[in-house]
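Reader: I have a model open and want to talk it through. Can you take my questions as they come?

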Amino acid sequence: MKILVLEASTTSAKAMLYDTVKNESEIFTREYGNIDYRSIHAGDQIFKKMLSAGRQLTEGKDIDIISIGTTWHSLMLCDKHMDPVTPLYLWNNMAAADVCTDIRKEKAYTDSFYKSTGCMVHAMYPVFKLEYLKRQGIPAEQYFLVNLGTYLTWKMSGIRISTRCMASGSGFLNLYTGQYDHDIMYQYGVKDWQMSPLAAAEMTVPLQQSAASCLGLTEGIPVVPAEPDGGLNQIGVGAVKTGIATLSIGTSGAIRVSAEKPAVSDRKATWCYRSPAGYLAGAATNGCNCIDWMKRNIFPGEVSYAQLETGITEKDRTPVFLPFLFGERCPGWKDDRKAGFVNLLPEHTVYDLYGSIQEGILFNLFQCYGELKKSGITVKKIMLSGGILHSQRWTKMCADIFQREMCINQVEQGSLLGGAALGMKILGVLDSLESFEPQITEVVVPEEERGELYKKKYQRYLDSYNCFGEKE
């Protein structure tokens, strides 16, 4: 059987053709171009890019099922024909930061909202994006509230629907009931008809003619409604079992742990969502978007990431980098927080700055890892994935900072493979998602001596973190 996986990520459209008989896959990626740092996209253009990527793999192929993936936390308003009336506001759009600052002053409400949804009062979440748009005078009550996953599924099938995992990242879904929270909807003036119906488990919708024609396929092929890439990555790297964590560093950096039941933090430092298979507790920060920012603005021209690393010399006292170029998510949730270099010395070079960005991203994730443990979550094993694997230095640094073994299974595109696994489960190729466990090909072992060095550096990071913007 052949499974087509289509994904609209933050900066590119991706496609995978997975052959379940040969256990082989082919991947094609198409960058959106010139929008790497934009937080506002055009939904229809993203859809066309995704289909274009898929067409590269589907020509002359018989496809048994199609699975869709995209990013969490997006919002777009659409009319009754599902035509967009606003741009698509992505997870990294912080326009609602002032709105959230006001709302967070109500400590009791903030606590109640977090405990009900697993989401914090933060500009990332669509519920607050909606409030921002309403305060700008946009008559949101006239339109459907649509995430990118719903829009892509609609364009593929003509059916307006959302998975619970996707809806769980909106701030509108009650974490415990798995249904939309009507108290929250009432507070923000949202009616039932504006929300997308929630899909049943393992539900598929038929591929409609317009999308089929663009892909060179026949209509009627079953389509798995779009799931978020974070949830799919957990499946794709074989981390569905309780207590297995993924540490993924791509455009974003995230640590996620599979759980059997909701797991929220007393300190509201982490998030918890529904997943395609149970629950996910986790935290997120900026990742390679910080790396890309420096490469583009400080090292213009044709310089590779490997060349940047060759200039780094090991120093005990490197600068501290606070990785909040796009605001802070976890653990402080300060959407208006700014990034910065701290403790710069005359002997530091631009290569030291590059190395400190790598450290700062990992220190922020290690900080979040500590918060997950404080909330009672046990991490049995960590699976490392994402763009970090392209750097042996950065990968080793990760193990040394966490002082944990990092398991790698060389799954280059974990979320795409997760989409393929979902398709296999629905087709009956897999008995369960838990049984999908790609072979671990490498284990990165931490060095205790290096751990002591990074412990001192991490303390300097915490000092800078607390000095330049304490958690509210």
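Reader: What does the accessible surface of the chain come to?
Author: About 18700 Å², of which 49% belongs to carbon and sulfur atoms. Areas come from the Shrake-Rupley method with a 1.4 Å probe.

Reader: And where does the model come from?
Author: It is a predicted model, in which local features need pLDDT of at least 70, side-chain atom pairs count only at pLDDT 80 or more, and totals for chains, interfaces and linings use all residues. Residues are numbered from 1 along each chain as its sequence is written, and side-chain values use heavy atoms, with hydrogens and water left out.

Reader: How much of the chain is buried?
Author: Buried residues make up 59% of the 472; buried means under 20% relative accessible area (1.4 Å probe, protein chains only).

Reader: Switching to β12, are its residues buried or exposed?
Author: Eight of the eight residues in β12 (252-259) are buried. Strands here are DSSP runs of E, at least two residues, numbered from the N terminus.

Reader: Which ones point which way?
Author: S252, A254, R256 and S258 point one way, and G253, I255, V257 and A259 the other. In a regular strand the side chains alternate between the two faces of the sheet.

Reader: What does β12 pair with?
Author: β12 pairs antiparallel with β11 (residues 244-249) over five bridges, and antiparallel with β14 (residues 278-286) over eight bridges. Pairing requires that DSSP finds at least two bridges between the strands.

Reader: Which residue in β14 is the bridge partner of R256?
Author: G282. On the β11 side, A245 has V257 of β12 as its bridge partner, and two residues separate β11 and β12 in a hairpin.

Notes: Buried < 20%, exposed > 50% of the residue type's maximum accessible area, 1.4 Å probe, protein only. Helix = DSSP H or I, 4+ residues; strand = E, 2+ residues; numbered from the N terminus.
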